[in-house]
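Hi,

Here is the structure I promised to pass on. Have a look at it first, and my notes follow below.

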Amino acid sequence: RLLDEGASHSGRRMATAGELYGAAKLVRVECTEANKAYLQCKKKSRNPGECLGDGAGVKACVDGLVAKLNATCAEPYLKYQKCLTDNNARFEECRKQQKAFDACVEQSKVAPAAA
């Protein structure tokens, strides 16, 4: 059976593609250290199992950010996600929704400002 969007083998919810696309700029800022640690590990070791802990750190950071966004900016985040999903992740088609989402993030201080 195929996994439903947002489901996982472990029973814990996985972020959807729309959530990840919508949060991409913020993930870059918020999860920089976790991503660096993971990439440094991957560079040092060819053994995929060596970096599982660092990979889990990246996932935990992204999951935490997505949860904060869903809790704090749910309406503009969902509208931005839907636009990105409906438009094949063409960000240029979703500037209006992005502007509303960015304003909510900035106002709520849910994450550092993304450049």
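Let me start with Cys 94: its relative accessibility is 0%, so it counts as buried (buried is under 20% relative accessible area, exposed over 50% and partly exposed in between, using a 1.4 Å probe and protein chains only). Before I go on, keep in mind that this is a predicted model, where local features need pLDDT of at least 70, side-chain atom pairs count only at pLDDT 80 or more, and totals for chains, interfaces and linings use all residues. Residues are numbered from 1 along each chain as its sequence is written, and side-chain values use heavy atoms, with hydrogens and water left out.

Cys 94 forms a disulfide with Cys 83, the sulfur atoms being 2.1 Å apart (a disulfide here is a pair of cysteine sulfur atoms within 2.5 Å). The link is left-handed, with -90 degrees about the S-S bond. Cys 83 sits in helix H4 and Cys 94 in the loop between H4 and helix H5 (95–108), so the pair ties together parts eleven residues apart in sequence. (Helices are DSSP runs of H or I with at least four residues, strands are E runs of at least two, and both are numbered from the N terminus.) Cys 83 is buried too, at 7%.

Two others I looked at:

- Cys 31 and Cys 61 have their sulfur atoms 2.1 Å apart.
- Cys 41 and Cys 51 have their sulfur atoms 2.0 Å apart. The torsion about their S-S bond is about -95 degrees, so this disulfide is left-handed.

Then there is the helix packing. The axes of H2 (residues 32–44) and H3 (residues 52–72) come within 8 Å and cross at roughly 155 degrees (axes are lines fitted to C-alpha atoms, for helices over the stretch in contact, and angles run from 0 to 180 degrees between N-to-C directions). That makes H2 roughly antiparallel to H3 (under 35 degrees is roughly parallel, over 145 roughly antiparallel, 65 to 115 roughly perpendicular, the rest oblique). Residues in the contact (heavy atoms within 4.5 Å) include Tyr 38 and Cys 41 of H2 and Val 58 and Cys 61 of H3.

Cheers
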